[in-house]
Amino acid sequence: MATVVWTAIFLLLCVELFILLLLCAPLPFRLQSGIAKFLVDTKLARKMRTAMWYLTLAVTLGVVEALQTIYKLEAPVEKAEDPMMGHNLVSVTIHEYKIRKFRAHRNLYLAGFVLALLFALNRIVHLLSNEAMLKREIHRLVAEADAKESDKTK
């Protein structure tokens with residue numbers, strides 16, 4: 001079951017990277033503002049925002065679980081290094097221990113990157129939305145100024 005969860009987190013990371021590349025690509029203004037408007041103003045976007053909060057919560061729990069696994073794996077090693085206790089406390093072989101430690105660290109990095117990208121994507125979407133709104137306002141003001149200028153010349 002845990003492998004399925006971490007595979008899903010990896011796939012989420014891939015989707016986030018694709019969306020990030022799409023948002024940061026130098027696209028024409030109309031296309032970029034259309035994407036930003038879709039990601040901010042539509043009914044689907046509001047539902048997606050709710051889903052993103054749940055994903056953030058789930059990934060945060062994934063970070064906590066990975067940290068717990070790392071601490072749990074480190075505790076027997078610290079006890080085994082105690083000269084009074086001996087070296088027989090570690091119940092798994094060194095190879096299995098290294099595999100578990102690698103997986104725990106990999107899971108922590110995966111969840112951490114997903115969490116960081118969630119926050120970055122949220123901020124980028126809001127910045128693109130603000131940029132599109134400001135550019136529309138600039139076009140409106142320029143058109144207004146041109147109209148006033150043409151009225152003055154008449």
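**Pockets and cavity**

Helices H1, H3 and H4 each contribute at least two residues to the lining of the second largest pocket. The model is a predicted one.

**Second largest pocket**
- By class, the lining of the second largest pocket comprises 5 nonpolar, 4 polar and 4 charged residues.

**Largest pocket**
- The volume of the largest pocket is about 620 Å³.
- A total of 23 residues line the largest pocket, with Met48, Met52, Leu121, Asn122 and Val125 nearest its centre.
- Two or more lining residues come from each of helix H1 (2-24), H2, helix H3 (43-80) and H4.
- H3 supplies the most residues to the lining of the largest pocket, namely 8.
- This lining contains 18 nonpolar, 3 polar and 2 charged residues.

**Cavity**
- The structure contains 1 cavity of 30 Å³ or more, and the largest cavity holds about 40 Å³ of space.
- Phe29, Gln32, Ser33, Leu128, Glu131, Ala132 and Lys135 line the largest cavity.
- The elements giving two or more residues to this lining are helix H2 (29-41) and helix H4 (94-153), and H4 provides the largest share, 4 residues.
- The lining of the largest cavity divides into 3 nonpolar, 2 polar and 2 charged residues.

Terms used
Residues are numbered from 1 along each chain as its sequence is written. This is a predicted model: local features need pLDDT of at least 70, side-chain atom pairs count only at pLDDT 80 or more; totals for chains, interfaces and linings use all residues. Side-chain values use heavy atoms; hydrogens and water are left out. On a 1 Å grid over the protein atoms alone, a cavity is a set of points where a 1.4 Å probe fits but cannot get out, and a pocket is an open set with protein on both sides within 12 Å along at least five of seven lines; lining residues have an atom within 4 Å of a point. Grid points are joined across faces, edges and corners, and a volume is the space filled by probe spheres set on the points. Ala, Val, Leu, Ile, Met, Phe, Trp, Tyr, Cys and Pro count as nonpolar, Asp, Glu, Lys and Arg as charged, and the others, Gly among them, as polar.
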